[in-house]
Amino acid sequence: MRVNQLIALLQEHNLYQGTTLSDDATFDGLAYDSRKVSANSLFVCKGFNFSVDYLHQAIANGATCYLAEKDYNLVTPGIFVTDVRKALSLAAQLYFGFPQNDLFVIGYTGTKGKTTSTYFTRNILEQTFPKQVAMFSTINHILGPKPEDQFKAHLTTAESFDIFREMRQAVDNGQKVLVMEVASQAYLLDRVYGLRFNVGLFLNISPDHIGVNEHPNFANYLFCKLQLMLNSDNCIIDADTDHFDEVLAAAKVSTAPDHIFTYGVDQPQATVSLTSDAATLTDSQFSLTVNRDDDRLAPLAATYNVSVPGDFNQSNATAAILASLLAGAHVTDMQTGLANTTIPGRMEVLTTQRHGTVYIDYAHDWGSMNALLHFLHAQFPDHQIKVVLGSTGDKGEDRREGFAKALNDYANVAFLTTDDPGHEDPIAIAKEIDSYIDHTKVQTTLIPQREDAIHQAIATATNHDLVILAGKGQDAYQKINGIDTPYATDPVVAQEVIDELEA
Ligand SMILES: CC(=O)N[C@H]1[C@@H](OP(=O)(O)OP(=O)(O)OC[C@H]2O[C@@H](n3ccc(=O)[nH]c3=O)[C@H](O)[C@@H]2O)O[C@H](CO)[C@@H](O)[C@@H]1O[C@H](C)C(=O)N[C@@H](C)C(=O)N[C@H](CCC(=O)O)C(=O)O
Ligand SMILES: Nc1ncnc2c1ncn2[C@@H]1O[C@H](COP(=O)(O)OP(=O)(O)OP(=O)(O)O)[C@@H](O)[C@H]1O
């Protein structure tokens, strides 16, 4: 990477303040972690917990220059900028050769449904472009068709440097499309600064991620999510979302009306309207009506089966249909892809002979729990709803009251147990949830061991019951006192219980 190119790019974005380096210098490496610096690298000084010791370590490891918001007055030269997070994103794009230019990039934001929709979209597009669809999801990253190109994710949206590094790998692996989740935190911390999306989707918004290390308030949370609409060539919006008018207004700022698409349940005003045709305990079927006179959209008027239950998943699937249409998919690809998608820990279904139907779902706040229980209650009114859940410690304290509200509205029985208690006592958390429960509607039992709670829920269930194991999905740990304590996962525990009971 040549320094004069970097300076020109920084100047273009009004970030450049000056340098103590000669402008004909070149770098062989770029890093923001002192432990990953190689010879003749540019080291980027950023972060809430940044320490000058990291800069010294980076220099010892081979950094020949640093990029920072302040001059550390060292012999080693520096490049100075007004905003180092934005500068990191631009430097990474330059260093990795702007890999986004060789990918069709689809980004999903929303409080709920990002992971599910990302999986749906990838599965559809894999029908159209086999082995050429990369994915950055909360669960895992896929950069190519080989097993070594797939690995677990650390964040929902990675640091900018890692995003562009992985995009470069994906392009080098022959990938044509990238489907990724864009958390609000990504805009808060400029992880996608300077990235233009071919398609940006806004699924929904409800209060979440507000706290010390996240957004200061809801207005900031919404502001960050809206940024995806301002940075996308095509915008797709769920017309049923709260704050729809603000989302649409944000999309209109930089996107022409015929590149803005909306969808909603039984919404004749939306570009595409979806109608639920059937729902069983294990899957569902819906139809789309196209309300805009547009030849590209016309073929979407069809019927689709989704192998994951939940009316909210019909909405997620519709988002994926529109996004994949813009990427070049045919309706048959959509129908096949949706009918064959399962998402780890999202509405996984275990059927039993005598103990009802068991759902494993990642619902871990009021919004998702409410959507899940409302769907099950409305669709299967003759069934009793039994829920196993806890609430995380050290954060999201308001979730406890939210869970109780959703249980009061729709559940019959709740087994309150452990879910990532952190430094808190799980039973104290369970008691707090219980304090908001209306016991005339919901019968509660407090059981500290999650495995025991799952056992009791399934063992006491009959074929008229729906048993919901909520909150952990496929998490293979419990966060206890700062340690990720191994946990077999809800699906494994549940299957063992079913095998034991029905042997
Ligand atoms: C508050 C927050 O989001 N922090 C993220 C941010 O940290 P940061 O830039 O402030 O860096 P830091 O962790 O304070 O470390 C300081 C700097 O020193 C460097 N360092 C550190 C140690 C060392 O020996 N040498 C060294 O150079 C680090 O590389 C870093 O650049 O950037 C880091 C990557 O560069 C992230 O790992 C870190 O995420 C933390 C772990 C986190 O938990 N973030 C959560 C809140 C988050 O981002 N969540 C979203 C939302 C999820 C959702 O929607 O559900 C997500 O996208 O996952
Ligand atoms: N469109 C939706 N509306 C409401 N709830 C949903 C929707 N889609 C999924 N959910 C619920 O939210 C849970 C999380 O879904 P998913 O992982 O797809 O969302 P996410 O946006 O990636 O979530 P998170 O940011 O919490 O990781 C699901 O297990 C389901 O209970």
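This is a predicted model: local features need pLDDT of at least 70, side-chain atom pairs count only at pLDDT 80 or more; totals for chains, interfaces and linings use all residues.
**View 1. Helices H3 and H5 run roughly parallel to each other**. In this view, helix H3 covers residues 84–95 and helix H5 covers residues 160–172, and their axes come within 8 Å and cross at roughly 15°. Because angles under 35 degrees count as roughly parallel, the two helices are described in that way. The crossing in which H3 passes H5 is right-handed. On the side of H3, the residues that take part are Leu88, Ser89, Ala92 and Gln93, and they meet Ser160, Phe161 and Phe164 in H5. Sorted by class, the residues of this contact comprise 4 nonpolar and 3 polar ones, with no charged residue.

**View 2. Helices H14 and H15 are oblique to each other**. The axes of helix H14, which spans residues 450–459, and of H15 come within 10 Å and cross at roughly 45°. H14 passes H15 in a right-handed crossing. From H14, the contact draws on Arg450, Glu451, Ile454, His455, Ile458 and Ala459, while H15 contributes Asp490, Val493, Ala494, Val497, Ile498, Glu500 and Leu501. When these residues are divided by class, the contact of H14 with H15 has 8 nonpolar, 1 polar and 4 charged residues.

**View 3. Leu469 is a buried residue of strand S22**. Strand S22 is formed by residues 465–470, and Leu469 has its place there. The relative accessible area of Leu469 is 0%, and because buried means under 20%, Leu469 counts as buried. When neighbours within four places in sequence are left aside, the residues in contact with Leu469 include Val358, Tyr359, Ile360, Asp361 and Val388. Also among the contacts of Leu469 are Arg450, Ile454, Asp490 and Ala494. Leu469 and Pro491 are 22 residues apart in sequence, and their C-alpha atoms are 8.8 Å apart in space.

**View 4. Thr489 sits in a loop and has a positive phi**. The loop that holds Thr489 lies between strand S24 (483–486) and helix H15 (490–501). Most residues other than glycine have a negative phi. The phi of Thr489, however, is near 90°, which is a positive value in a residue other than glycine. Thr489 counts as buried, because its relative accessibility is 9%. Not counting residues up to four places away in sequence, Thr489 touches Gln474, Asp475 and Ala476. Asp266 also has a positive phi, near 45°, and Asp266 is found in the loop between strand S13 (260–265) and strand S14 (272–279).

**View 5. Aromatic rings come together in pairs and in a cluster**. A search of the whole structure finds 12 aromatic pairs. In one of them, the rings of Phe50 and Tyr72 have their centres 6.4 Å apart and their planes at 55°, so this pair is tilted. Phe375 and Phe380 form an edge-to-face pair, with 6.1 Å from centre to centre and 85° between the planes. Both Phe375 and Phe380 are buried. One aromatic cluster is formed by Phe43, Phe50, Tyr54, Tyr66, Tyr72 and Phe80.

Terms used: Residues are numbered from 1 along each chain as its sequence is written. Chains are lettered from A and ligands numbered from 1 in the order in which they are written. Side-chain values use heavy atoms; hydrogens and water are left out. Helices (H or I, at least four residues) and strands (E, at least two) are DSSP runs, numbered from the N terminus. Buried means under 20% relative accessible area, exposed over 50%, partly exposed in between (1.4 Å probe, protein chains only). Contact means heavy atoms within 4.5 Å. Axes are lines fitted to C-alpha atoms, for helices over the stretch in contact, and angles run from 0 to 180 degrees between N-to-C directions. Angles under 35 degrees count as roughly parallel, over 145 as roughly antiparallel, 65 to 115 as roughly perpendicular and the rest as oblique. A crossing is left-handed if the near helix is turned anticlockwise from the far one by less than a right angle, and right-handed if clockwise. Ala, Val, Leu, Ile, Met, Phe, Trp, Tyr, Cys and Pro count as nonpolar, Asp, Glu, Lys and Arg as charged, and the others, Gly among them, as polar. Rings of Phe, Tyr and Trp (its six-membered ring) pair if their centres lie within 6.5 Å; planes under 30 degrees apart count as stacked, over 60 as edge-to-face and the rest as tilted.
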